[in-house]
Amino acid sequence: MPRPSSLKNLGPKSDEMLAAVGIETADDLREVGAAMAYRMMRHRFGPGVNRLALWALAGALQDRHWTSFTDAEKAALDADASGDLDVGTA
């Protein structure tokens, strides 16, 4: 199975971070979607995972460079990925 880094915008560091949240393949990323993958990464790694990661993930799934998103598209992605990941209580 191809790793996420087989997609545009993503590299070895993306593979490592995505694998740490259970996303091992490009198909896993497609199934989860950019917004949820971003939220999972933010939950695991904290604020060091910024909006550029979200845009890169979305671009990877759309086969386009993250810089090609319009301001409106970026705002929609940001809204879709906003909020904390609800993982319940211990």
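Select helix α4 to begin: its buried residues pack against α1 (12-20), α2 (26-32), α3 (34-45) and α5. Here contact means heavy atoms within 4.5 Å, and helices are DSSP runs (H or I, at least four residues) numbered from the N terminus. The model is predicted, so local features need pLDDT of at least 70 and side-chain atom pairs pLDDT 80 or more, while totals for chains, interfaces and linings use all residues. Residues are numbered from 1 along each chain as its sequence is written, and side-chain values use heavy atoms, leaving out hydrogens and water.

Next, colour the buried residues of α4, among them Leu 54, Ala 58 and Ala 60. Buried means under 20% relative accessible area, exposed over 50%, and partly exposed in between (1.4 Å probe, protein chains only).

Move to the N-terminal end of α4, which Asn 50 caps: a side-chain oxygen of Asn 50 lies 2.9 Å from the backbone nitrogen of Leu 52. Just after α4, Asp 63 takes a positive phi of about 55°.

Now select Trp 55 and Trp 66. Which arrangement does this aromatic pair have? The pair is stacked, at 6.2 Å centre to centre with 25° between the planes. Rings of Phe, Tyr and Trp (its six-membered ring) pair if their centres lie within 6.5 Å; planes under 30 degrees apart count as stacked, over 60 as edge-to-face and the rest as tilted. Trp 55 is buried, at 7% relative accessible area, whereas Trp 66 is partly exposed, at 25%.

Finally, show Lys 74, which lies over the face of Trp 55, at 4.6 Å from the ring centre.

Note on methods
A charge sits over a ring if NZ of Lys or CZ of Arg is within 6 Å of the ring centre and within 35 degrees of the ring normal. Helices (H or I, at least four residues) and strands (E, at least two) are DSSP runs, numbered from the N terminus. A polar contact is a pair of N or O atoms within 3.5 Å; within protein, one must be able to donate a hydrogen and the other to accept it, and residues adjacent in sequence count only if both atoms are side-chain atoms.
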